[in-house]
Amino acid sequence: MLLKLKRLTTHLTAPKSTRPRGHQATGPVTAVSTRPSTWRSTRLTVGAAGLALFAAAVTGCGDTGDKGAGGSGGGGKTVTVFAAASLTESFTALGKAFEGSHPGVRVRFNFGDSSALAQQITQGAPADVFAAASPATMKTVTDARLTDGQPQTFVRNRLQIATPADNPAKVTGIKDLAGPKVKVVLCAQQVPCGAAATKALAAAGVKVKPVSLEQDVKGALNKVTLGEADAALVYRTDVKAAGAKVHGIDFPEAAKAINDYPIATLGKAPQPALAKEFLQLVLSAQGKTTLTAAGFESP
């Protein structure tokens, strides 16, 4: 018996590397037997008990504690949602509600400019759900045939003029933004809030020379809250989320530039079942209540 165990130990020892001298490893080194006939004879002498011990040892060495998709551990899963920056507050609340009803599941968000998010998805970024701030940015993803079914419009949003709380430039309407001393910030035209601002300004017949063009609506609003701008054209949901830090001003031309927000699950979603469940939460009565409270309008 002792002789057999000694032979087993000898055969289970990883073989010496046959890699030529000077060769650099490009990945983890895996011990592979170069003597298959010897491995077969070893298996014949191990017995059931020995195989069980060997399997337990391999399992113990290979367990990193990273169980489940997304590396959340503990057998949990992660659903990844790419969403427009203007959805930050409302989707964060819905994410917490989703986690509460799905023990062990984590919702991970990637908030930002919808056009940039769409580009990331088309370039292969792993995501389960995409919620965009305009149909045009969603079209980038649908044209690439990356959605699972047709996107659904779930909310609408309109612009407001945001000023610092004390409104130092005394802005009262959109025409005041053309004042030579008024420092105005807009979103870049290629992003949804910038495209909407362009439409609203055209409808009002107003030309503005912005001091800054930001890549998403949060960036534009941040310039106002920091006192670096007198006014910005942003979504009214963002004005509401900022609270007392800013003053919001409605203007009639905003009705000419309302953005529809589409949402879709993705065809290559790592967690397709959870993706559909999160989408259903957004479309549910609970989702509508959360979004309406944030200032969004029903489509």
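I take buried to mean under 20% relative accessible area. By that cut-off D238 is buried, because its relative accessibility is 1%. I note at the start that this is a predicted model.

**Entry: the salt bridges of K218**

I began with the partners of D238. It forms a salt bridge with K218, and the closest N and O atoms are 2.7 Å apart. I placed both ends: D238 sits in helix α8 (residues 236-242) and K218 in helix α7, 20 residues apart, so the pair links distant parts of the chain.

K218 and E89 form a salt bridge with their closest N and O atoms 2.9 Å apart. K218 lies in helix α7 (residues 217-225) and E89 in helix α3 (residues 88-101), so this pair ties together parts that are 129 residues apart in sequence. K218 is partly exposed at 24% relative accessibility. E89 is also partly exposed, with a relative accessible area of 38%. D238, by contrast, is buried at 1%.

**Entry: E297 and R158**

I counted salt bridges and got 8. One more pair went into the notebook: the side chains of E297 and R158 meet at 2.6 Å, N to O. Where do the two residues lie? I found E297 in the segment after α10 (285-293) and R158 in the loop between β4 and β5, so the pair ties together parts that are 139 residues apart in sequence. E297 counts as buried at 17% relative accessibility. R158 is partly exposed, at 22%.

**Entry: nonpolar cores**

I turned to the nonpolar cores. The largest has 65 residues. Which of its members touch the most other members? I listed L87, F91, F154, I161, L177 and Y261. I also noted a second, separate core of 12 residues, which includes F82, L117, A132 and L146.

From the largest core I picked L177 and looked up its contacts. I left aside its neighbours within four places in sequence. L177 is then in contact with I161, V171, V182, V184, V208, A231 and L233. I161 is itself on the list of core members with the most such contacts.

**Entry: the loop between α5 and β4**

T147 is in the loop between α5 and β4. Is T147 buried or exposed? I have it as buried, with a relative accessible area of 16%. A polar atom of its side chain lies 3.0 Å from the backbone oxygen of G149. Not counting residues up to four places away in sequence, T147 touches M138, V141, T142, A264, T265, L266 and G267.

R145 lies in the loop between α5 (135-143) and β4 (152-157). R145 counts as exposed, at 78% relative accessibility. I stopped at its backbone: R145 is not a glycine, yet its phi is positive, about 55 degrees. Most residues other than glycine have a negative phi.

**Entry: K170**

I found another positive phi at K170, near 55 degrees, again in a residue other than glycine. K170 is in the loop between β5 (159-164) and β6 (184-187). At 61% relative accessibility, K170 counts as exposed.

Terms used. Residues are numbered from 1 along each chain as its sequence is written. This is a predicted model: local features need pLDDT of at least 70, side-chain atom pairs count only at pLDDT 80 or more; totals for chains, interfaces and linings use all residues. Side-chain values use heavy atoms; hydrogens and water are left out. Helices (H or I, at least four residues) and strands (E, at least two) are DSSP runs, numbered from the N terminus. Buried means under 20% relative accessible area, exposed over 50%, partly exposed in between (1.4 Å probe, protein chains only). A nonpolar core is a set of buried Ala, Val, Leu, Ile, Met, Phe, Trp, Tyr and Cys residues joined through side-chain atoms within 4.5 Å. Contact means heavy atoms within 4.5 Å. A salt bridge is a side-chain nitrogen of Lys or Arg within 4 Å of a carboxyl oxygen of Asp or Glu. A polar contact is a pair of N or O atoms within 3.5 Å; within protein, one must be able to donate a hydrogen and the other to accept it, and residues adjacent in sequence count only if both atoms are side-chain atoms.
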